[in-house]
Amino acid sequence: MGKKLVMAQKRGETRALCLGVAMVVCAVIAYYILGTTMLPLYQKSVWTQESTCHLIETNIRDQEELEGKKVPQYPCLWVNVSAVGRWAMLYHTEDTRDQNQQCSYIPGSLENYQVARTDVEKVRTNFHEHRIFYCFSTTRENETSVLYRRLYGPQTLLFSLFWPTFLLTGGLLIIAMVKINQSLSILAAQR
């Protein structure tokens, strides 16, 4: 009976150690992936200064109004604000600015024009209801654009690091508990 108990303990300890090591390895891989994808985007982001924006005007531009220019076929919301003592073009995120510099907001669903138009009108109405809001600007003097929301801010970075940290901590705790259990069983066997 004693040998079966010892063998079952060793098998359980081995499985627990494998689980702990696997969790630590997964956490290290996740940290590597985040370090090569998210961290550079966070470090390159120049939109660090939080400002108060005052809505000046909004306009929905349809593709007919943008004839002659190379613009995708979807409704385009253009928002002009006053921020940091100057007029600026408001962009929803960093990606919006990179996708189309003529649009402040690009709707999520571009397949159906009417759905996209409804989405853009809803966002426009929201801006008119809340005429003063927080936005992000850069410290550059000649920059004439601001962001409504940062994609790569400190909150996003912390949220991305939560699960790998949880995996690493859990894995290390499992390994430590197994090692403590092994050393306690050796001490008990010596008595």
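What is the handedness of the disulfide of cysteine 53 and cysteine 135? The torsion about its S-S bond is about 75°, so the disulfide is right-handed. The structure is a predicted model, in which local features need pLDDT of at least 70 and side-chain atom pairs count only at pLDDT 80 or more, whereas totals for chains, interfaces and linings use all residues. Residues are numbered from 1 along each chain as its sequence is written, and side-chain values use heavy atoms, with hydrogens and water left out.

A disulfide is a covalent bond between the sulfur atoms of two cysteines. With a disulfide taken as a pair of cysteine sulfur atoms within 2.5 Å, a search of the whole structure returns one, in which cysteine 53 is joined to cysteine 135 at an S to S distance of 1.8 Å. The pair links distant parts of the chain, 82 residues apart, since cysteine 53 belongs to strand E1 (residues 49–61) and cysteine 135 to strand E4 (residues 132–137); strands (E, at least two residues) and helices (H or I, at least four) are DSSP runs, numbered from the N terminus. On the scale in which buried means under 20% relative accessible area, exposed over 50% and partly exposed in between (1.4 Å probe, protein chains only), cysteine 53 is buried at 0%, and cysteine 135 is likewise buried at 0%. Cysteine 26, by contrast, is partly exposed at 43% relative accessibility.

The unreviewed UniProt entry places the feature "transmembrane region" at residues 16–34 and 157–178; such annotations may be inferred rather than shown by experiment. In the model, residues 16–34 are 100% helix and 0% strand, with end C-alpha atoms 27 Å apart, and residues 157–178 are also 100% helix and 0% strand, with end C-alpha atoms 32 Å apart. A nonpolar surface patch of about 490 Å² is formed by Val21, Val25, Ile29, Tyr32 and Ile33, where patches comprise residues with over 30% relative accessible area and no salt bridge, nonpolar side chains being joined within 5 Å and like charges within 9 Å. Tyrosine 32 lies in helix H1 (residues 2–44) and is exposed, with a relative accessible area of 58%.

One salt bridge is counted, under the criterion of a side-chain nitrogen of Lys or Arg within 4 Å of a carboxyl oxygen of Asp or Glu. It pairs the side chains of glutamate 121 and arginine 117 at 2.9 Å, N to O. Both residues lie in helix H3 (residues 113–129), four residues apart, about one turn of the helix, and glutamate 121 is partly exposed at 35% relative accessibility.

Methods:
Accessible areas come from the Shrake-Rupley method with a 1.4 Å probe; for residues, only the protein chains shown count as cover.
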